[in-house]
Amino acid sequence: MTQTNGPKRHLPVFQALLITLGMVITTDILKTAPTVALNVGPEHFYWVWVLGALASMAGALCFAEMATAFPHPGGDYHFLRTAYGERMGFLFAWSRFSVMHTGWIALSAFMFADYFNAVVPLGHYGSGLFAGAIIAALVLLNLTGKHIGFMTQTVLVGLLALGFLSIASAGVWLVWQGVEPLAPSAPATPEHTGAAGFSAAMIFVFLAFGGWSDAATLSAEVRDGRRGIFIAMLGALTVLMAIYLALNWAFVQGLGFEGLAASNAPAVELLNRAFGAPGVLLILLMVGIAAIATINSTLLVGARTTYAAARDVAQLRRFGEWDERDGVPRKALLAEGAVALLLVLFGSFTQSGFNTMVEYLTPVYWLFLSLSSLALIILRRRFPEIPRPVRVPFYPVLPLLFFGLCVYMLYSSVTVVGFGAFLGIGVLMVGALLLAGLSRLVSTPRQALQKTSDQKDTAAG
């Protein structure tokens, strides 16, 4: 029997950390490292990755405070709705449903399909069919229950981390053998220089670190409600920074800085130099694991945002039901998968590339992240009586600095990235029209907060 009581605190903190790591660690680094190197030069290369990690940690601190004070399966949807009202919450949920989450699911599935197609020819529409089959299989897997979905994610993230470490070991092996980096046949020419080059580099650095904010959707399911999300977010970003620095060091040691900047596939070239054909097969395996892990984690958190938003809209409440037996938002999960499959169908005919999807996703992402950083200040002022197990240090300076960074990245994503940025904004405007067509939204932010507070009291009792 399906009920609507909501999620329970079942998730161990360490498993939440691994799931959060799975939300941020992807093979993007294998594509973004050359672009970053091309735009900043060797003297600043490692520092921009450290800056990206530290800035992400500052944002994660803001989210950890809000997640421990206002635990909710909607994560930042709930923060935005409580701070700005139901309309802003709806627009954010729409953006995740139509732009950020489902678009990322489709992109990841296509990436795996394209790599697989390079080994086993799939035909003209074979990549689309293969990508759709991956999404459908993972939706069905998650429908079997929360334990299967979370355990699958834990195993995938472990395998992916080992794969990245194997790439770093290739750099160590080449240094150990005294192999000199190969000089590129022709040095790469940067597309941007100076401040524009830094902005372009940071867009791709933050793309590689992106996804940590999704961990807030687990705030109502982590066993340690006081500090579990804090440990998961900050721990995952710390591990990720170490992995990315090790990977970039290996690329520079094996290919040289100019070789990295000129490379289209640095991991393939590095592993081929170190281990030959078996190294190339390892990359193909890693891409597959990374794509499946990314899709699985995005389905986990995306369906929870859709579930949380649908509970607050009378016309959409059928998607706001929680299956108590399996511990999943079944209808929201199916809806998320259906939209992702539609995007795969669309992508099969348009042949959209990686950079186009970056343009599509980035402005909307930074718009709502900037609003979320200010939501911390609004919520402190509006609800000072709510206990905050985690409090942001150097308040309000740190949230304001993070807000300034988000606004800068939003500006850069529109002015540096390109025309595709306006496509995502256009889809967001469609959500505004949909909102205008709905008769009314139910429950005010304070009533929603009271409902969450009652659930916390019940769980504590």
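Modeller: A residue counts as buried when its relative accessible area is under 20%, as exposed when that area is over 50%, and as partly exposed in between. The model discussed here is predicted.

Colleague: Is Phe 383 buried or exposed?

Modeller: The limit for a buried residue is a relative accessible area under 20%. Phe 383 has a relative accessibility of 1%, and therefore it counts as buried.

Colleague: Which kind of aromatic pair do Phe 70 and Phe 383 form?

Modeller: Phe 70 is itself buried, at 2% relative accessibility. Planes over 60 degrees apart count as edge-to-face. The two rings of Phe 70 and Phe 383 lie 6.1 Å apart, centre to centre, with 65 degrees between the planes, and the pair is edge-to-face.

Colleague: How many residues apart are Phe 70 and Phe 383?

Modeller: Phe 70 is in the loop between H3 and H4, whereas Phe 383 is in the loop between H14 and H15. The pair thus links distant parts of the chain, and the separation is 313 residues.

Colleague: What is the secondary structure of the chain, in helices and strands?

Modeller: The chain has 461 residues, of which 59% count as buried. Its secondary structure comes to 17 helices and 0 strands.

Colleague: Among contacts between residues at least 6 apart in sequence, what percentage join residues at least 24 apart?

Modeller: The contacts considered are those in the chain between residues at least 6 apart in sequence. Of these, the share that joins residues at least 24 apart is 83%.

Colleague: What percentage of the accessible surface of the chain belongs to carbon and sulfur atoms?

Modeller: The accessible surface comes to about 18,600 Å². The part belonging to carbon and sulfur atoms is 67%.

Colleague: How many salt bridges does the count come to?

Modeller: Side chains of opposite charge can pair when their charged atoms come close. The cut-off applied is 4 Å from a side-chain nitrogen of Lys or Arg to a carboxyl oxygen of Asp or Glu. By this rule the number of salt bridges is 3.

Colleague: Which residues are linked in a network of salt bridges?

Modeller: Arg 380 and Glu 65 meet in a salt bridge at 2.8 Å, N to O. This pair joins helix H14 to helix H3. Glu 65 also meets Arg 388 at 3.4 Å, N to O. The network therefore holds, given the 4 Å cut-off, Glu 65, Arg 380 and Arg 388.

Colleague: How many residues apart in sequence are the parts that Glu 65 and Arg 388 tie together?

Modeller: Glu 65 is buried, with a relative accessibility of 1%, and Arg 388 is buried at 10%. Glu 65 lies in helix H3 and Arg 388 in the loop between H14 and helix H15, so the parts tied together are separated in sequence by 323 residues.

Colleague: The charged end of Arg 380 sits over the ring of which residue?

Modeller: Arg 380 is buried, as is Glu 65. The charged end of Arg 380 is placed 3.8 Å from the centre of a ring, that of Tyr 395.

Colleague: What is the distance between the closest N and O atoms of Asp 76 and Arg 96?

Modeller: Asp 76 and Arg 96 are both buried. They form a salt bridge, with a distance between the closest N and O atoms of 2.9 Å.

Colleague: How many aromatic pairs does the count come to?

Modeller: Rings of Phe, Tyr and Trp pair if their centres lie within 6.5 Å. By this rule the number of aromatic pairs is 13.

Colleague: At what angle are the planes of the rings of Phe 63 and Trp 212?

Modeller: Both Phe 63 and Trp 212 are buried. Their ring centres are 5.2 Å apart, and the pair is edge-to-face because the angle of the planes is 85 degrees.

Colleague: How far apart in space are Gly 211 and Val 24, C-alpha to C-alpha?

Modeller: Gly 211 belongs to the loop between H8 and H9, and among the residues it touches is Val 24. The two are 187 residues apart in sequence, yet their C-alpha to C-alpha distance is 4.9 Å.

Technical notes: Residues are numbered from 1 along each chain as its sequence is written. This is a predicted model: local features need pLDDT of at least 70, side-chain atom pairs count only at pLDDT 80 or more; totals for chains, interfaces and linings use all residues. Side-chain values use heavy atoms; hydrogens and water are left out. Helices (H or I, at least four residues) and strands (E, at least two) are DSSP runs, numbered from the N terminus. Buried means under 20% relative accessible area, exposed over 50%, partly exposed in between (1.4 Å probe, protein chains only). Contact means heavy atoms within 4.5 Å. Accessible areas come from the Shrake-Rupley method with a 1.4 Å probe; for residues, only the protein chains shown count as cover. Rings of Phe, Tyr and Trp (its six-membered ring) pair if their centres lie within 6.5 Å; planes under 30 degrees apart count as stacked, over 60 as edge-to-face and the rest as tilted. A charge sits over a ring if NZ of Lys or CZ of Arg is within 6 Å of the ring centre and within 35 degrees of the ring normal. Lists of a residue's contacts leave out its neighbours within four places in sequence.
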